[in-house]
Amino acid sequence: MFRFLFKSNNNFRVVGSKSFHPIPHTSFNHHHCNSAVSSIHPQIASPISSNDFNPSGSSSKPSGNGSPSVSVLDRISRISGPGMAGNRFFSSGYLLNCKNLRSGKGNGSGLLRGSFEGESRGFSSEPDRESMEYDVVIVGAGPAGLSAAIRLKQMCRAKDVDFSVCIVEKGAEVGAHIISGNVFEPRALDELLPEWKQEEAPINVPVSSDKFWFLTKDRAFSLPSPFDNKGNYIISLSQLVRWLGGKAEQLGVEIYPGFAASEMLYDANHNVIGIGTNDMGIAKDGSKKETFQRGVELRGRVTLLAEGCRGSLSEKVLRDYNLREKAQAQHQTYALGIKEVWEIDEGKHKPGTVLHTLGWPLDHKTYGGSFLYHMNDRQVSIGLVVALNYHNPFLNPYEEFQKLKHHPAIKPLLEGGTVLQYGARTLNEGGFQSIPYLVFPGGAIIGCSAGFLNVPKIKGTHTAMKSGMLAAEAAFDVLHEGLSMEKYWDGLRNSWIWEELHRARNYRPAFEYGLVPGLALSALEHYVLKGRSPLTLKHGKPDHEATDVARLHSPIQYPKPDGIVSFDVPTSLYRSNTNHDHDQPAHLRLRDPQVPERVNFPDYAGPESRYCPARVYEYVPDANGEPRLQINAQNCLHCKACDIKDPKQNIEWTVPEGGGGPGYSVM
């Protein structure tokens with residue numbers, strides 16, 4: 001467990017000012033490779049080689065004094081707004097917890113021990129792998145996981161009992177991997193922490209106006225807004241999550257950022273009994289480096305999976321226990337959201353303004369739309385959401401987002417401004433039809449891992465939080481009264497989550513028929529039927545099957561970025577603060593290494609080089625001049641698009657070493 005003391009928190013620093021000023025990236029070299037692969041196919045963009053671009057935003061070469069150059073995460077971070085748990089990134093609490101974990105002592109009752117209340121259990125088949133036991137183990141310190149932990153500890157206090165709760169989080173800090181729009185509906189937070197206003201939650205920009213536009217290439221047509229955002233707030237979800245993390249720690253929850261849950265632990269009867277974190281200090285070639293340390297087993301009487309959309313452990317559990325089939329749920333369908341946070345001129349800034357759009361730059365067969373929210377401190381969030389069931393393999397969501405910012409109704413707002421951060425993440429859009437059975441032997445799936453996004457509202461944080469609270473109440477009864485986790489499933493079906501998603505169930509599948517029919521059916525659902533339709537529409541093909549072969553489409557020629565409102569991928573990656581240890585096995589794995597060259601490139605024109613918003617995948621010529629897929633795993637934003645959209649489902653996303661990935665602070 002010695003490695004717990006060496007998980008550095010120096011990747012972030014807190015800037016006391018309320019304004020965010022990126023430190024000039026003088027050492028960052030925007031290098032463009034002149035690869036011959038561009039001539040092989042016009043839609044293969046100039047690649048970013050792992051040797052040419054360090055996604056940490058700094059040169060990989062030593063600095064003048066012989067020390068490695070400071071990474072971008074050392075040079076850029078920011079938390080704005082009051083009451084952010086002392087404006088900290090859990091540095092002191094994190095190190096304290098790690099020391100406790102090393103010594104086998106929790107801050108409550110999480111102990112290194114040999115049994116569950118006297119029941120003899122074997123710990124590990126490998127003697128060098130240490131184990132710790134908790135009453136509840138939660139994977140993921142997002143809205144759902146933290147809400148579950150807080151609710152369970154609240155019940156412990158109310159009943160005067162003490163159950164130990166541990167949260168393991170793969171991000172370097174709590175909130176580092178959290179990205180969302182976000183127009184926040186406080187319904188679940190009102191239930192969880194009714195005094196959140198008095199306790200200075202970072203929720204202080206109420207929605208003041210709500211606009212809905214239909215865009216053509218040159219014009220914006222105002223439409224009646226179908227959104228009811230009265231009483232909602234524009235927030236940074238990564239900041240809210242940090243605040244929730246502080247509240248959880250105050251209640252005695254142990255939070256361990258920087259450790260990735262890579263496997264489920266089972267007993268002899270195939271009941272889940274916890275999770276294992278991945279080994280650290282393994283080189284690319286699989287050898288053990290001097291820093292090698294075995295992973296840790298965190299065993300729990302109840303395990304809650306709150307990994308977010310397309311969680312790797314959640315997907316495994318869904319398959320292993322046939323949970324989708326058990327609920328007769330349809331397949332999940334997804335979208336990719338790409339977002340930037342800008343700081344704009346004060347004269348253009350209107351805090352509380354909300355804008356959503358449909359139409360351009362997407363074609364009428366591709367579902368999606370954009371958002372633009374005015375936050376505080378002259379900040380605006382702008383983003384594009386593209387459904388991943390799009391047909392054209394030449395479509396590039398990142399480039400579509402760059403085009404959006406050049407629309408004459410949007411570009412003037414951004415001109416003269418500065419991009420603070422960039423990021424991307426997939427989101428669930430299947431809704432009610434796609435909710436699987438969420439209870440498995442030994443635990444449950446909560447939050448966006450389960451898929452509770454309300455598509456017409458474009459909101460899922462409140463439902464994710466509520467699902468965590470319901471799971472916590474069921475887990476408490478399991479621990480305190482010996483009941484079953486089935487109570488969670490029953491509670492969901494009788495909650496406002498179920499009612500809300502049932503009313504919204506037909507909006508997303510309506511757009512399977514195209515933009516105009518989708519708008520017509522959605523208007524009928526919203527204004528006439530009000531969610532009470534006697535029919536439930538079905539989703540179309542799974543997203544990966546929706547991709548057409550390249551010969552059915554023409555290549556899309558995207559304009560070059562101007563460096564003012566549109567940017568190349570290396571520039572955006574720098575702003576995401578993404579950072580991975582280069583010398584580790586690739587966490588993006590090909591089930592069949594020959595599929596990219598034999599199928600994806602000749603049949604689909606190499607779509608992985610376009611659907612990935614971080615250009616992790618590029619085709620480069622081999623010694624014979626033939627295209628070969630190169631995976632630059634260090635660029636990964638953990639968006640999961642590749643795991644979803646690959647036409648042959650050949651890419652498996654697995655967790656890298658804990659602490660890797662993006663470093664969001666205002667997203």
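This is a predicted model: local features need pLDDT of at least 70, side-chain atom pairs count only at pLDDT 80 or more; totals for chains, interfaces and linings use all residues.
Q: What share of the residues is buried?
A: Of the 667 residues in the protein chain, 61% are buried. Buried means under 20% relative accessible area, exposed means over 50%, and partly exposed lies in between (1.4 Å probe, protein chains only).

Q: And what fraction of the contacts join residues at least 24 apart?
A: Among contacts between residues at least 6 apart in sequence, 78% join residues at least 24 apart. A contact means heavy atoms within 4.5 Å.

Q: Changing topic, what is the strand order in the open sheet of seven strands?
A: The order is S7-S6-S16-S17-S18-S15-S19, with mixed pairing. Two strands pair if DSSP finds at least two bridges between them. The edge strands are S7 (220–223) and S19 (418–428), each of which pairs on one side only. From one strand to the next, the twist averages 20 degrees.

Q: How many bridges join S15 to S19?
A: Ten bridges join strand S15 (residues 334–343) to S19, and the two run antiparallel. Trp 342 stands opposite Val 419 in S19.

Q: Which helix packs on the sheet there?
A: Helix H16 (residues 569–576) packs on the sheet and touches S15 and S19. The direction of H16 makes about 85 degrees with that of S19. Axes are lines fitted to C-alpha atoms, for helices over the stretch in contact, and angles run from 0 to 180 degrees between N-to-C directions.

Q: Now for helix pairs: at what angle do H11 and H13 cross?
A: The axes of helix H11 (residues 461–481) and helix H13 (residues 496–503) cross at roughly 145 degrees and come within 10 Å.

Q: Which residues meet there?
A: From H11, His 462, Thr 463, Lys 466, Ser 467 and Leu 470 meet Trp 496, Ile 497 and Glu 500 in H13. By class, this contact of H11 with H13 has three nonpolar, three polar and two charged residues. Ala, Val, Leu, Ile, Met, Phe, Trp, Tyr, Cys and Pro count as nonpolar, Asp, Glu, Lys and Arg as charged, and the others, Gly among them, as polar.

Q: On the backbone, which peptide bond ending at a proline is cis?
A: The bond from Trp 360 to Pro 361 is cis, with omega near 10 degrees. Pro 361 is in the loop between strand S16 (353–359) and strand S17 (368–374). The bond from Gly 181 to Asn 182 is also cis, with omega near 0 degrees. Asn 182 is in the loop between strand S4 (165–169) and strand S5 (183–184).

Q: What about phi at His 270?
A: His 270 has a positive phi of about 65 degrees, although it is not a glycine. Most residues other than glycine have a negative phi. His 270 lies in the loop between strand S10 (261–266) and strand S11 (272–277).

Q: Why does His 270 count as partly exposed?
A: His 270 counts as partly exposed because its relative accessibility is 37%.

Definitions and conventions: Residues are numbered from 1 along each chain as its sequence is written. Side-chain values use heavy atoms; hydrogens and water are left out. Helices (H or I, at least four residues) and strands (E, at least two) are DSSP runs, numbered from the N terminus.
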